[in-house]
Amino acid sequence: MPEGRLWGTCFREGEIMDFSAVNWLAVIVAAVVAWLFGAAWYMGLSKPWLKAAKLDPATMSKSPLPFVISFVAEIVMALVMSLIIGAMTGGQPNLVAGLVFGFVLWLGFVATTLSVNHRYEGFGWDLTLIDAGHWLVVLLLIGAVIGWFGVPEVAG
């Protein structure tokens with residue numbers, strides 16, 4: 001691979017991504033904290049969110065599937081955040097890095113995606129602010145937990 005290419009600086013030929021530096025306890029704790037926050041956020045903002053999302057509680061499904069999918073998605077987010085923070089800090093995650101990367105990833109991907117999707121879907125900015133606020137805090141919490149836990153303890 002030619003020198004100077006981004007991929008070439010991340011992996012050598014024949015290498016695969018190393019998951020041994022992932023603090024799996026931090027990933028699970030981060031996902032649980034994020035999920036619990038989301039439950040509290042949307043319970044507290046249920047009326048304005050339902051109005052902004054143009055949903056009628058009487059016609060909504062009572063399935064637990066959205067809650068399960070939310071938790072699985074937050075595990076994936078925490079894992080990816082752990083990999084990014086670990087790679088960008090030289091394998092030494094910390095609280096500040098977690099918060100910074102949480103904010104940057106939210107701003108670069110989540111806030112922009114929600115803004116675009118909600119405009120095409122005909123929703124108002126009120127829904128975007130509620131949903132984007134939720135995801136901002138989720139990513140800050142995930143980043144903080146990943147950073148605070150740091151690298152996994154290695155038995156030796």
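**View 1. Segments listed as transmembrane in the record.** UniProt, in an unreviewed entry, lists residues 21-44, 65-89, 95-116 and 128-151 under "transmembrane region". The record's positions follow the numbering used here, its feature names are shortened, and its annotations may be inferred rather than shown by experiment. The model is predicted: local features need pLDDT of at least 70, side-chain atom pairs count only at pLDDT 80 or more, and totals for chains, interfaces and linings use all residues. Residues are numbered from 1 along each chain as its sequence is written, and side-chain values use heavy atoms, with hydrogens and water left out.

**View 2. Two of the listed spans.** Residues 21-44 are 88% helix and 0% strand. Their end C-alpha atoms are 37 Å apart. Residues 65-89 are 96% helix and 0% strand, with end C-alpha atoms 36 Å apart. Helices (H or I, at least four residues) and strands (E, at least two) are DSSP runs, numbered from the N terminus.

**View 3. The whole chain.** The chain has 6 helices and 0 strands. Buried residues (under 20% relative accessible area, 1.4 Å probe, protein chains only) make up 29% of the 156 residues. Contact means heavy atoms within 4.5 Å. Among contacts with a separation of 6 or more, 79% join residues 24 or more positions apart.

**View 4. The largest nonpolar core.** This core has 22 residues. Val27, Ala30, Met81, Ile85, Ile142 and Ile146 have the most contacts inside it. Helix H2 (24-44), H4, helix H5 (95-120) and helix H6 (125-149) each give two or more residues to this core. A nonpolar core is a set of buried Ala, Val, Leu, Ile, Met, Phe, Trp, Tyr and Cys residues joined through side-chain atoms within 4.5 Å.

**View 5. Around Val27.** Residues up to four places away in sequence are not counted here. Val27 touches Val22, Ile75, Ala78, Leu79, Ser82 and Ile146.

**View 6. A nonpolar surface patch.** Leu65, Val68, Ile69, Val72, Val76 and Val80 make a patch of about 510 Å². Leu65 is in helix H4 (residues 65-88). Nonpolar patches join side chains of Val, Leu, Ile, Met, Phe, Trp and Tyr within 5 Å, from residues with over 30% relative accessible area and no salt bridge. A salt bridge is a side-chain nitrogen of Lys or Arg within 4 Å of a carboxyl oxygen of Asp or Glu. Areas come from the Shrake-Rupley method with a 1.4 Å probe; for residues, only the protein chains shown count as cover.

**View 7. Lys54 in its loop.** Lys54 lies in the loop between helix H3 (46-52) and H4. Lys54 is exposed (over 50%), with a relative accessible area of 58%. Leaving aside neighbours within four places in sequence, Lys54 is in contact with Gly122 and Phe123. Lys54 and Phe123 are 69 residues apart in sequence, yet 8.3 Å apart in space, C-alpha to C-alpha.

Technical notes
Patch = residues over 30% accessible without salt bridge, like charges linked within 9 Å, V, L, I, M, F, W, Y side chains within 5 Å.
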